[in-house]
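Open your viewer and get ready to click along. Each stop tells you what to select and what is there.

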Amino acid sequence: MGRIAYVDGRYLPHQQAAVRVEDRGFQFADGVYEVIAVRRGRPVDEDDHLDRLDRSLRELRMPWPMSRRALRLVMRETIRRNHLGAFGALYLQVTRGAAPRSHAFPATAKQTVVMTARPLSLPTAESLGCGIGVVTVADIRWKRCDVKSVSLLATVLGKQVAVEAGCYEAWMVDEQGLITEGTASNAWIVTAGGELVTRRADTAILNGITRMATIGIARAAGLRFVERPFSVAEAKGAAEAFITSTTSMIRPVIRIDGVAVGSGRPGGTTVRLVDWYLDHVEAEGRTV
Ligand SMILES: Cc1ncc(COP(=O)(O)O)c(C=O)c1O
């Protein structure tokens, strides 16, 4: 069954779906996006994703391209037409539209809206629970990493370093030697005292929806939690480490730059968080 993309009001087979050559998303990365997990046809943490989209649009001084209600309907129709089954991911992009190439905002341009969706195999406690390796790279991004913009070149380069090192993710490091986040995930450690640590959601990182859900889960479970930066050395010496993201969910980090974290096996706190997060996704897949 072929994949269907939504582009500016039309649902088209991928081979026919296209945007204009002077689309500002293509020429200037002048756009924002969201990636939303879909469980049993239902977007996971939908309101949080739409709130973050709202914030990204506002920060780039872009209006909503349609009402929030209309966007939800298009999301559902894109999901339906792509037969996601048990699990999948929805990609949504809004750009400032197509206009003759010139840096300043165009006086008149209709925003471009694109949505695609694809089925994914449903992660399980086993598939998520086997640990991953990360490498550290310099964080060479701009100073507004809190905006989920389609300007992703620095993270593309970082992820490629990870792939070439046989790792799942790269953790980016700022000029103070502190870890900001992964190229497509947030970074966490668990201290020897059992405290969960992740960087505060300032302009240096994207405030992940999975990060926020994990904070809620940790609080509800009575785990001790603090938002503060941590160094590469602290992470390597931590009891446990893990990443969070929409499509990776929660995955234990067992090696950083080839150095074993803790026992070198997935940590107990992380494994419990994986179970609780899977319960959260299940619950979201049952909402009406
Ligand atoms: C740089 C960055 N940080 C964090 C995340 C995790 O965000 P979320 O949990 O909303 O997927 C992503 C997701 O793609 C990302 O690109």
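**Stop 1: the ligand**

Select the ligand and Thr246 together. A polar side-chain atom of Thr246 lies 2.6 Å from an oxygen atom of the ligand. How much of the ligand does the protein bury? Taken alone, the ligand exposes 390 Å², and the protein buries 92% of that. Keep in mind that this is a predicted model.

An N or O atom in the Glu181 side chain is 2.6 Å from a nitrogen atom of the ligand.

**Stop 2: the surroundings**

Where does the ligand sit? Show the pockets: the ligand is in the largest one. Then show the 17 residues around the ligand. Those that come nearest are Arg52, Glu181, Ile209, Thr210 and Thr246.

Which elements each supply at least two residues of the shell around the ligand? Colour strand S9 (179-182), helix H6 (209-220) and strand S13 (240-245) to see them.

**Stop 3: helix H3**

Move on to residues 68-81, which form helix H3.

Next, pick out Leu71, Val74, Met75, Glu77, Thr78 and Ile79 in H3. These residues are buried. Here is a rule to hold against that list. An α-helix has 3.6 residues a turn, so residues three or four places apart point the same way.

Step past the end of the helix to His83, which follows H3. The phi of His83 is positive, near 45 degrees.

**Stop 4**

Select Gly133, which is found in strand S7 (residues 132-138). Is Gly133 buried or exposed? Its relative accessibility is 6%, so Gly133 counts as buried; the cut-off for buried is under 20%. Gly133 and Ile256 are 123 residues apart along the chain, yet their C-alpha atoms are separated by 6.0 Å.

Finish at His103, in the loop between strand S5 (87-95) and strand S6 (112-119). Because its relative accessibility is 57%, His103 counts as exposed; that label needs over 50%. The C-alpha atoms of His103 and Phe28 are separated by 7.8 Å, and the two residues are 75 residues apart along the chain.

How values were computed. Residues are numbered from 1 along each chain as its sequence is written. This is a predicted model: local features need pLDDT of at least 70, side-chain atom pairs count only at pLDDT 80 or more; totals for chains, interfaces and linings use all residues. Side-chain values use heavy atoms; hydrogens and water are left out. Helices (H or I, at least four residues) and strands (E, at least two) are DSSP runs, numbered from the N terminus. The expected span of a helix is 1.5 Å times one less than its number of residues. Buried means under 20% relative accessible area, exposed over 50%, partly exposed in between (1.4 Å probe, protein chains only). A residue is near a molecule or strand if one of its heavy atoms lies within 4 Å of it. A polar contact is a pair of N or O atoms within 3.5 Å; within protein, one must be able to donate a hydrogen and the other to accept it, and residues adjacent in sequence count only if both atoms are side-chain atoms. Accessible areas come from the Shrake-Rupley method with a 1.4 Å probe; for residues, only the protein chains shown count as cover. On a 1 Å grid over the protein atoms alone, a cavity is a set of points where a 1.4 Å probe fits but cannot get out, and a pocket is an open set with protein on both sides within 12 Å along at least five of seven lines; lining residues have an atom within 4 Å of a point. A molecule sits in a cavity or pocket if more than half of its atoms lie within 2 Å of its grid points.
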